[in-house]
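Biologist: Please take me through this structure slowly, giving me each term as we need it.

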Amino acid sequence: MTGLRPLTGKRTDPTTRAVALMMLAFMLLLAAVPGVHAVTGIQWGSVLDFYRDEAYVRTILEGHFGADPFYKGEHLWYAPLIYLIEAGLCKLTSLPPEVLLVRAGPWLILLAPIAFFAMVWYFRGPVTAVCSTAIYLFFAVRHEPGWAVATYTPWLIPVSLLQAFFYIELILIDKAFRTRRLLPSVWAGLGAGFTFMGHAAPGLIAVLMIGTLTAWDMLRTWRAGEHADAGRRLLTSSTAALAFVLASLPFLWYVVGYYSLHLVNRAPFIFTYYALTISDLRAFLFHNIHWVNLIGLIGLVIFLVEAVHARAKSSTTLVLWFGISLVLFTYGYAVSVLDSHYDIHLPGTAPTFHYYFYMKAALSVFAGALLYDGFQLFRRAIGKRMRGDAVAEGSETLRSRVALMTLWVIPILMVYPSYAYRNDLFVQRARCIKFAEDTLRTTVFEWVREEMTWNDVLLCNADLSCFPVMATGRNFVCTANTMPNPYVDHLERYLDNGRMLASLAGNQVPDPALFNKYQVTHLLLTTAEDRAMVQRASLFPLELHRNGSYVLYARPHW
Amino acid sequence: MDHEQNKSMRENTRPKDSLSLRLIVAVGILLTGTAAILLSWSFAVPDPGTLVGTYIPVPQLLGLPSSAPTRLTIDPNGKMRLDFGAGRAADSGGVHWDAKELTFRSKYDSLEMRVRVVPDWFSYHVFVRVHPGLGRYEEYEFRRL
């Protein structure tokens, strides 16, 4: 399998490069059209991530960068890069955040397959880039949601967009460890910092990759007696670490400076995607017993052999990417199981599906590389049989390279109709439509935006806090446990939220102390809740808005 | 000398550096034509009348869970019925065909139960999505009996 050569892209001819780029454009077009179709006419996203993101974008647009949009007086806790980009686009296009977040997805997330293609081209050349990108786009996703599998999706949530940064960062890491010059390491550190600013999980993978490669290089050179080289590596990687801190400072400033990375609410990172739970093992197998994963795993073994025996740096980088994702996935899973079943609390990182996501991306690379090499082996075998003479390795012709790239048209053609209506597009769109159908609920969004200012705090049940309140960028007392600031005690807020609502439905006039503690200024109820809140008028006498399902009250200045 | 010889060998094995315009134009025509066919065919709206019939789940490698529906019936009026076995059934009642979304929808259970029709080249794939609760869903592919 010597066809697995590192960095072959620089040796290819311009026709191969041109055809590879044409194939990329062809695949992007076919991926983007159903994506644009899926978001057409959609006003609201359907998953909580949209509302969290929208709140952060509003926070930036209103000049409160660094503040937690949910809990008054708290600080930024989510990686802010995507919000800065989205807020910039809102300014640029004058679109309201809720519209921009839904409609910009199909265009912005095209960066992900482009970066993936560039990354594979860098490591394995343009033909493998076409093979791997075809798998990544059309064959890896099947019935799973786009946020669980590395692929193109039109839904603009951080995990899907920020994968693009990670793929570029892989190139920067590889370049940094091919030399002991300072500048490539600075770029790798900056890349890791920006990736971390976009999402903690890929940022962590990148940091651990740099750390592992540094330790390995230092150990190897030190053992060989090349002490100066070991020292040089320490210097370059320290510089990379400094660049990382500088690039991610707007985020680290808050999560380290204010919260010391002390996670109190564990629900966000012990959340486990249903297809990764033991109870849903059937779902896991249903989604994963698939030729892409099988070929990808065989490709992984070959890359591993090449990394160990041939010491090919590019293979080492790619195998390390998969390996660290697997380790973090296993660790995250152990954290989740120990927390949920044994009440043992290990430090957490991010939900396990993020690492599953990056393992799947690596498998697409391995599968594409293996198919390319398999095709070349097949071609040589056929040539030998037909002509009776051996065809030398590495002698692939322009025609064979172009043939392999354009042959992908056939499998894409076969799966395309069902791809264009895949679960990721269809179910999310159906949910979006369902949300928009509840106009009484979406009207509440307008009320809250109209009546509440930045310093106001709303009391409501957890369901209403998720939608529509979360999207407004206005403070509330408590929300669903997987969404809020993980550095703040969720349980205390959850219990207090329940106590305040219960006191409004009690027999006695509620004590305002708890309401004052959270500086509650407004109350949002369903009409069913409103009928039970017999003490409501004592604290919230002002009715601001009412429709058939909801009512918004205000508390006089206190 | 070695250096020169190596350079010469590299150049001999290096692919031609000229652009093959004829090949590029041929590939361009192939890709443009394929994209045009795919994009026009894939968004064709199916005729609901062709979907009338009885469907059963496509067997899965590990068998189907007990929560899976066992039969789907679509009648000529566009109503559908899901049987779950053991006499349990979900009659869709007022389901209507949403041609724009390629799905059967009812006003109130659109999140809980959906039948998704996925066009394929010469037939349709029918996927039934059930919602066993706790934010989970299961989707099964059905084939016509």
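Modeller: The expected span of a helix is 1.5 Å times one less than its number of residues, and helices (H or I, at least four residues) are DSSP runs, numbered from the N terminus. This is a predicted model, where local features need pLDDT of at least 70, side-chain atom pairs count only at pLDDT 80 or more, and totals for chains, interfaces and linings use all residues. Residues are numbered from 1 along each chain as its sequence is written, while chains are lettered from A and ligands numbered from 1 in the order in which they are written.

Biologist: How far apart are the end C-alpha atoms of helix H16 (residues 313-342) of chain A?

Modeller: Helix H16 of chain A has 30 residues, so at 1.5 Å a residue it should span 44 Å. In agreement with that, its end C-alpha atoms are apart by 41 Å.

Biologist: Which residue just after H16(A) takes a positive phi?

Modeller: The place to look is just after H16(A), where a phi of about 55° is found. The residue with this positive phi is Asp343(A).

Biologist: Which helix supplies the largest share of the side of chain A that touches chain B?

Modeller: Two residues are in contact if their C-beta atoms, placed from the backbone, lie within 7 Å, and the contact takes 33 residues from chain A and 35 residues from chain B. Helices of chain A that each supply at least two residues to this side include H14 (281-288) and H18 (398-407). The largest share, 9 residues, comes from H1(A).

Biologist: In which hand does H21(A) pass H22(A)?

Modeller: A crossing is left-handed if the near helix is turned anticlockwise from the far one by less than a right angle, and right-handed if clockwise. For H21(A) passing H22(A), the crossing is right-handed.
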